[in-house]
Amino acid sequence: MSITKSKRKQANGLIRGVKILAFGLMLAVMGFIGLMWFLRPDTSVIEKRTLTEFPFITWSSFWDGSFFKAVDTWYADTYPLREGLISGSQSLENHYGLRSDQIVGEALVADDIPDPDAAGEEVQAAEPEEVLPDGTVTEIGEMQGQIYITNNCGYGLYYFTQSPADKFAATMNQIYANVKDKVNLYVMICPISAGVMLDQAVLDDMGCSSEKDAIDYIYGKMDPGIHTVSAFDNLKKHNAEYIYFHTDHHWTALGAYYAYQAFCQEKGIEAHNIADYETMEFPGFLGTFCSSSNNSPALQSNPDTVVAYIPKGTNAMTMHYTNGSVVDWFIVNDVSGYAKSELYATFVGGDRPFSYAHNPAITDGSAVMVIKDSYGNTFIPWLVDHYEYIYWVDARYTSNTISQMVRDYNVQDVIYEVQIYNSSTDNMLGKYAAIGQ
């Protein structure tokens, strides 16, 4: 009996030794791969974004440790096997019936949206001036990977959570208190495709929240001095048009135009006629929904065409990279030679920490600062012909602040442009608050 136990103990010890050796070997291999700098990617095909660049070192960033934290972020974000690991994770989650929050949100069980009257003055949307064709989608679809698909089109789904919504409104109120004597503050929460395009019965089938009610609730919690831009109704009115991509989570430039019309109404200016703009078109776009649905054949068979409208006053801009380099670029760039998954990059050079444009056709000194996520990339070109100076920062990457921009560039208008889910994440709330200093 003791001999059997001894053999079993030896066998267990051998197995543990093999596991430790295999684990150590795996770490060594992955560490070696991490040292192969020439294999590090610049962009993510799966996430459709530019990856973190190697940070620019300064004495202050060296001594306070921020340089080394930035190096950690760069190392993780550009690891050579990162794309394969993300894709494998998505496939594994889908195999086990799991759904990630990458596109569809943080919660699959939504909070009830309180009556806007309980939050403050209810947001009153303008009555439609005309009746347009109704493009509401009524067919029930199915989840593929992380994406809801019906009629060969993908949709991101929205689930309201009250606590972060309240925090977002409180954050905007604090920012307004900080800047109200210096600038006009505008907040535009951008709805995603499901709430605008899908029938309420379809949304109910998935347990989704009403994006309109959620936006009205958040706006109702804000200080009346904040200019809230209600784009939902104008988008809904035009939902028979091509206002959201079929294979990507962004709205199209046309969808951004209808949000821009809502901004102009709030600001009290006249929106320009879309027919007056020249366009560039890039067919064959396969966006984020493809990878997030594990390359759904339905979406692959229905690629998008990216249509970009070129500003009239200027198409020139300057953008700053995270590593400190500065590049002259185009507000609408010719991306004909880009990969089909990267055609959204035609708009304003993508997601950068700081960019700006000067419109020489306007000489009144007017200046706007847009604090954006990637939804703002299609929105900014519509602003160019209303201001002499247009500055924009991506909230995820910038260290700029409103007070700095007002001091350095005499900014008069500040627009927080926020995709609805980015109004509900603690990480983004912290970034918005930091910029509002």
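Ser-293 is buried, at a relative accessible area of 3%; buried means under 20% relative accessible area, exposed over 50% and partly exposed in between, with a 1.4 Å probe and protein chains only. This is a predicted model, in which local features need pLDDT of at least 70, side-chain atom pairs count only at pLDDT 80 or more, and totals for chains, interfaces and linings use all residues. Residues are numbered from 1 along each chain as its sequence is written, and side-chain values use heavy atoms, with hydrogens and water left out.

**Around Ser-293**

- Ser-293 sits in the loop between α12 (288–292) and α13 (297–300). Helices (H or I, at least four residues) and strands (E, at least two) are DSSP runs, numbered from the N terminus.
- Setting aside residues up to four places away in sequence, Ser-293 touches Gln-144, Gly-145, Gln-146, Ile-147, Ile-149 and Leu-299. Contact means heavy atoms within 4.5 Å.
- Ser-293 and Gln-144 lie 149 residues apart in sequence, yet 5.0 Å apart in space, C-alpha to C-alpha.
- A polar atom of the Ser-293 side chain is 3.1 Å from the backbone oxygen of Cys-290.

**Whole protein**

- The protein has 16 helices and 15 strands.
- It has 437 residues, and 48% of them count as buried.
- Of the contacts with a separation of 6 or more, 75% are between residues 24 or more positions apart.
- The accessible surface is about 20,500 Å², with 55% belonging to carbon and sulfur atoms. Accessible areas come from the Shrake-Rupley method with a 1.4 Å probe; for residues, only the protein chains shown count as cover.

**The sheet**

- An open sheet of 8 strands runs in the order β7-β6-β15-β13-β14-β12-β10-β11, with mixed pairing. Two strands pair if DSSP finds at least two bridges between them.
- Its edge strands are β7 (227–229) and β11 (326–330), each pairing on one side only.
- Neighbouring strands are turned by 20 degrees against each other on average, direction ignored. Axes are lines fitted to C-alpha atoms, for helices over the stretch in contact, and angles run from 0 to 180 degrees between N-to-C directions.
- Helix α11 packs on the sheet and touches β6, β7 and β15. Its direction makes about 155 degrees with that of β7.
- Strand β12 (residues 354–358) runs antiparallel to β14, joined by 4 bridges. Ala-357 stands opposite Ile-390 in β14.
- Helix α15 (residues 402–409) lies across β12, β13, β14 and β15, at about 155 degrees to β13.

- Helix α14 (residues 376–383) is largely enclosed by the rest of the structure, because 8 of its 8 residues are buried.
- Those buried residues include Phe-379, Ile-380, Trp-382 and Leu-383.
- Their cover includes β6 (184–190), α11 (253–267), β9 (304–310), β13 (367–372), β14 (389–394) and β15 (413–419).
- His-386 is in the loop between α14 and β14. It is buried, with a relative accessible area of 18%.
- The side chains of His-386 and His-272 make a polar contact (3.5 Å). A polar contact is a pair of N or O atoms within 3.5 Å; within protein, one must be able to donate a hydrogen and the other to accept it, and residues adjacent in sequence count only if both atoms are side-chain atoms.
- Beyond its neighbours within four places in sequence, His-386 contacts residues including Tyr-260, Cys-264, Ile-362 and Ser-366.

**Asp-205**

- Asp-205 belongs to helix α8 (residues 200–205). At 49% relative accessibility, Asp-205 counts as partly exposed.
- Asp-205 and Ile-140 are 65 residues apart in sequence and 8.2 Å apart in space, C-alpha to C-alpha.
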